[in-house]
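The following exercises ask the reader to work through the architecture of a protein model, element by element. Each task is followed by a solution in steps.

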Amino acid sequence: MPRPREAGYPSIFTLPPVLGCVALGLFFALLTAQTTLALLCLLLIALAGTAKAWSHLSLARITSELRLSPRRLFPGESLSLAMDIENGKLLPVWLQVSVPLPASLRTRSGAPAARDGGLSSYQALRFDWRITALARGVHEIGPAQLSAADPLGFFPNQKLAAASEVIVYPRLIALHPLALPRRDLFGKPGVRSPIEDPTYLNGVRDYQPGRPARHIHWKASARHARLLEKMCETTESERVLIVLCAEGFDGPQNADALERCLEVVASLAVQLDHQRHPVGLVTNGRLKGGGANALGMSRTHGQLSQLLETLARFEPVVERDVIEMLSGAALLSATVSVVSASHSLAATPLLFEYLRQRRVPTVKLVSQCQERELTAGQVVRLNDLRGAP
Amino acid sequence: MKRGADVALVLARGALEVCVMLAWASLTLAMMSERRYTLGLALGAFAGGAALTRFCSGHRLRWRSPLQAAGAVLGALYTVHGLFAPTEPFSNFFWLNELIRLPPSAASWRVAAAFCAWSVVLWIAGCRFAARSDAYREVCGRFDRGLLWLFALLFVKLLLRQEPGVWQTQDRADALILPYFVFGLIAIAVARNRSDGRRSFMRGRRGAGLFVAFAALVLACGVGSTLFSLPFLHDASEVSYEQLAAFAGPFGPVIVEIVLFFLRGRMVLPLPTSGRSCA
């Protein structure tokens, strides 16, 4: 059972004024030849001195390591937090560990993550806690505070140990099906489809013998004086780019709306990935702890966790221009559909205008909108997309 | 391991409390008579009170206070029995009838009252000890309080020594200061270093770690126990010597000569005197 941390001095005989009085008592006892009194005073002074010197050495050769497992989780899930401490010297010490937790993480009992105990010579000690994640975000655990002292715990010395971070993804929720605006001309998207859509030119490459002659890009071949062939996109690649706009989500009054928006975006990304759509993400918000603001559309291993991590790191502070990001990264190729998530239609009018000009099929997910805006086409209220819990 | 630490903490805390009270009992009773309050009597009263309180709280008995009062009275009677009829068996209470029929002098009653008072005090202290928390701060607080009581005791002794003729006898209070200190440190260290974390030794250092831990444990417990019981072992040896001399009869001087033969050059045994310890 963890004990609460104690404040204040443990014994009055560790206080300098009291020790001063004891020293006076020793002087008096020596003057009057009171052997027992002198012995008691000497013992107390020696105790304080030894404890102080012991404490001074207590932090030497103390090593600690903070272990978290898992480091990535969803709200409501638990992680195991362990603090390994080793005393690599002959001197036994008392040690207290206190791991500061953010408000979004808490121990199972609700008590602070603080424990103490003795470490004898060359001993290792492990403290375990079970931590529950309460909210999305990138939460820093620590730096752990180590207090070491003599075995009586009279004069503790402190030092800071390692810190670590936990990534809590947005909560995944059930969603109503979202109809993506599709413009494929050559059948239903499928796995490794042999059919290429000649309308969606991806690029050119050297002509491969055996390929149909109709794929030869004659103009380019003439220009480069060698045979080049067109590379077209296959009809399976119905790719979805999620554009998350930070505008309008700032301020504590919008914190709930932001979390709901991120939950929908994360759930949608997972849903699309399960439907075998390559999914990408672009956001102009600040990412806590750094990270890529633009993730290209793919279905590679780790893409989804990277996307969820970006959402976990998201903070509603506009750092970049989302249009510049879209045009600079050349993400909007011919078969891309965009799902934008924003606070309202009015928050990002330039983005919608840009997408309209590029004729990119877009679904606009908005946190707040008026009824007449819903009829404007492809505008979906975030709350309407949320399914039954 | 945890259970062992808990037991060690209870024993050290108990010894801490007993040391202070026994020192004061030794001082006050030494001022009234030559009889001494024995370690066994003190431990019996204290442990009896603690055990009864523990038993009552464990079984949620409703009649806790009357039981504790009865225990205190029994302890006081045992003390009186030890003072006035140590050779009679305590259980048949025949000695009590004799005591009422042939009451001792008023001075003896005063001494008996003082002994009984200390038995009751120790009994109550045992009861309170069982109900007290064993948290680190509490143990430190008790250690501080005990030290202050010991300082007060030494101050009182100092004042008494200033009055010529008042202080004639030697008490055993001084001898309890060192064990108090040792048990205090053990109690504080055990209370401080308890932990529910998982322990192990560093790789390749298990032997050294175990040796140091074992040596520290043995040293602390050995020094504490020896210092605690040393004055009373001295008393016991005196009593044994007197008993030996009394029961050996005509062979007494021979046995004493044999003992002296072995101990000659190391110490000088005092001549047997009248019984000095209670119970």
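The model is predicted.

**Exercise 1. Characterise helix α1 of chain A: its span, and which of its residues are buried or exposed.**

Step 1. Helix α1 of chain A covers residues 16-31, which is 16 residues. From its first C-alpha to its last it reaches 22 Å, close to the 22 Å expected at 1.5 Å a residue.

Step 2. Taking under 20% relative accessible area as buried, one finds A:Leu19, A:Val22, A:Gly25, A:Leu26 and A:Ala29 as the buried residues of α1(A). Viewed down the helix axis, these buried residues fall within an arc of 105°, so they line one face of α1(A).

Step 3. On the other side of α1(A), the exposed residues are A:Pro16, A:Pro17, A:Cys21, A:Leu24, A:Phe27 and A:Leu31.

Step 4. The cover over the buried residues of α1(A) includes α2 (35-58) of chain A. After α1(A) comes A:Ala33, with a positive phi near 60°.

**Exercise 2. Describe helix α4 of chain A and state how many of its residues are buried.**

Step 1. Helix α4 of chain A runs over residues 255-274 and has 20 residues. Its reach from first to last C-alpha is 29 Å, close to the expected 28 Å.

Step 2. Of the 20 residues of α4(A), 14 are buried, so the helix is largely enclosed by the rest of the structure.

Step 3. A:Arg276 follows α4(A), and its phi is positive, near 70°.

**Exercise 3. Determine the strand order of the open sheet of 6 strands in chain A, and identify which helices lie across its strands.**

Step 1. The order is β17-β15-β14-β19-β20-β21, and the pairing is mixed.

Step 2. The edges are β17 (294-298) and β21 (379-381) of chain A; each has a single partner strand, so one side of each is left without a neighbour in the sheet. Neighbouring strands of this sheet are turned against each other by 20° on average, direction ignored.

Step 3. Within the sheet, β14 (residues 239-244) and β19 (residues 336-342) of chain A run parallel and are joined by 6 bridges. A:Leu244 stands opposite A:Ala341 in β19(A).

Step 4. Helix α5 (residues 303-313) of chain A lies across β14, β15 and β17 of chain A, at about 20° to β15(A). Helix α7 (residues 349-357) of chain A lies across β14, β19 and β20 of chain A, at about 170° to β19(A).

**Exercise 4. Give the order of the open sheet of 3 strands in chain A and its edge strands.**

Step 1. The order is β2-β11-β8, with mixed pairing. The edge strands β2 (72-73) and β8 (137-141) of chain A each pair on one side only.

Step 2. β2(A) pairs with β11 (residues 164-168) of chain A in the parallel sense over 2 bridges. The bridge partner of A:Leu73 in β11(A) is A:Val168.

Step 3. Helix α5 of chain A lies across β2, β8 and β11 of chain A, running at about 105° to β11(A).

Definitions and conventions. Residues are numbered from 1 along each chain as its sequence is written. Chains are lettered from A and ligands numbered from 1 in the order in which they are written. This is a predicted model: local features need pLDDT of at least 70, side-chain atom pairs count only at pLDDT 80 or more; totals for chains, interfaces and linings use all residues. Side-chain values use heavy atoms; hydrogens and water are left out. Helices (H or I, at least four residues) and strands (E, at least two) are DSSP runs, numbered from the N terminus. The expected span of a helix is 1.5 Å times one less than its number of residues. Buried means under 20% relative accessible area, exposed over 50%, partly exposed in between (1.4 Å probe, protein chains only). The arc is that of the directions from the helix axis to the C-beta atoms. Contact means heavy atoms within 4.5 Å. Two strands pair if DSSP finds at least two bridges between them. Axes are lines fitted to C-alpha atoms, for helices over the stretch in contact, and angles run from 0 to 180 degrees between N-to-C directions.
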